[in-house]
Amino acid sequence: QSDGGVLKNTEFWQKLQNGKISIPRSEELPDSSLKLPYFFVGDEAFPLQMHLMRPYSKKKNQRMNEDELIFNYR
């Protein structure tokens with residue numbers, strides 16, 4: 001079973017989906033007025049969610065643009 005499948009069978013996942021995990025509210029980035037939510041970071045095996053980010057997927061027969069490459073690197 002994939003990492004994403006294992007995650008979906010956990011109490012943590014259920015609580016995350018039901019809003020039962022205490023995640024801090026969105027905050028402004030330092031020296032900016034841009035507000036971003038807190039989130040967990042996973043790899044491509046995990047689903048993209050409000051509080052679960054993942055890298056851009058590799059596109060078949062296409063190259064990632066520079067912004068996508070930088071995002072994945074960081």
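What follows is a chat about a predicted model of a protein.

Biologist: What are we looking at here, an experiment or a prediction?

Modeller: A predicted model.

Biologist: How many helices and strands are in the protein?

Modeller: The protein has three helices and four strands. Read from the N terminus, the order is α-α-β-β-β-β-α.

Biologist: What about the radius of gyration, against a compact globule?

Modeller: The protein has 15 Å, while a compact globule of 74 residues would be near 11 Å. The C-alpha trace spans about 40 × 40 × 15 Å along the principal axes.

Biologist: How much of the protein is buried?

Modeller: Buried residues are 15% of the 74. The accessible surface is about 6,500 Å², and carbon and sulfur atoms hold 50% of that.

Biologist: And what share of the contacts is between residues 24 or more positions apart?

Modeller: Counting contacts with a separation of 6 or more, such residues account for 22%.

Biologist: Charges next. How many positive and negative side chains are there?

Modeller: There are 11 positive and 10 negative side chains, with the centres of the two sets 6 Å apart.

Biologist: Switching to aromatics. How many aromatic pairs are there?

Modeller: The count is two aromatic pairs. F12 and F40 make an edge-to-face pair, with 5.3 Å from centre to centre and 85° between the planes. F12 sits in helix α2 (residues 11-17) and F40 in strand β3 (residues 40-41), so this pair ties together parts 28 residues apart in sequence.

Biologist: Is F12 buried, exposed or partly exposed, and what about F40?

Modeller: F12 is partly exposed because its relative accessibility is 35%. F40 is also partly exposed, at a relative accessible area of 38%.

Biologist: How are the rings of Y56 and F71 arranged?

Modeller: Their centres are 5.4 Å apart and their planes are at 75°, so the Y56 and F71 pair is edge-to-face. Y56 is in the loop between β4 (52-53) and α3, and F71 is in helix α3, so the pair ties together parts 15 residues apart in sequence.

Biologist: Staying with helix α3, where does E68 lie and what does E68 touch?

Modeller: E68 lies in helix α3, which covers residues 66-73. Leaving aside residues up to four places away in sequence, E68 touches Y56 and K59.

Biologist: Why does E68 count as buried?

Modeller: Because its relative accessibility is 9%, and buried means under 20%.

Biologist: What about D67, buried or exposed?

Modeller: D67, also placed in helix α3, counts as exposed because its relative accessibility is 60%.

Biologist: How far is D67 from Y56?

Modeller: D67 and Y56 are 10 Å apart in space, C-alpha to C-alpha, and eleven residues apart in sequence.

Biologist: Why flag that?

Modeller: Because most residues other than glycine have a negative phi.

Biologist: Where is the place of D31, and is D31 buried or exposed?

Modeller: D31 is in the loop between β1 (27-28) and β2 (35-36). At 87% relative accessibility, D31 counts as exposed.

Key: Residues numbered from 1 in each chain as written. Predicted model: local features only at pLDDT ≥ 70, side-chain atom pairs only at ≥ 80, totals over all residues. Heavy atoms only, no water. Helix = DSSP H or I, 4+ residues; strand = E, 2+ residues; numbered from the N terminus. Rg over C-alpha atoms; globule rule 2.2 N^0.38 Å. Buried < 20%, exposed > 50% of the residue type's maximum accessible area, 1.4 Å probe, protein only. Contact = heavy atoms within 4.5 Å. Areas by Shrake-Rupley, 256 points an atom, 1.4 Å probe, with all protein chains shown as cover. Lys, Arg positive; Asp, Glu negative; His and termini not counted. Charge placed at Lys NZ, Arg CZ, Asp CG, Glu CD. Phe/Tyr/Trp six-rings, centres within 6.5 Å; stacked < 30°, edge-to-face > 60°.
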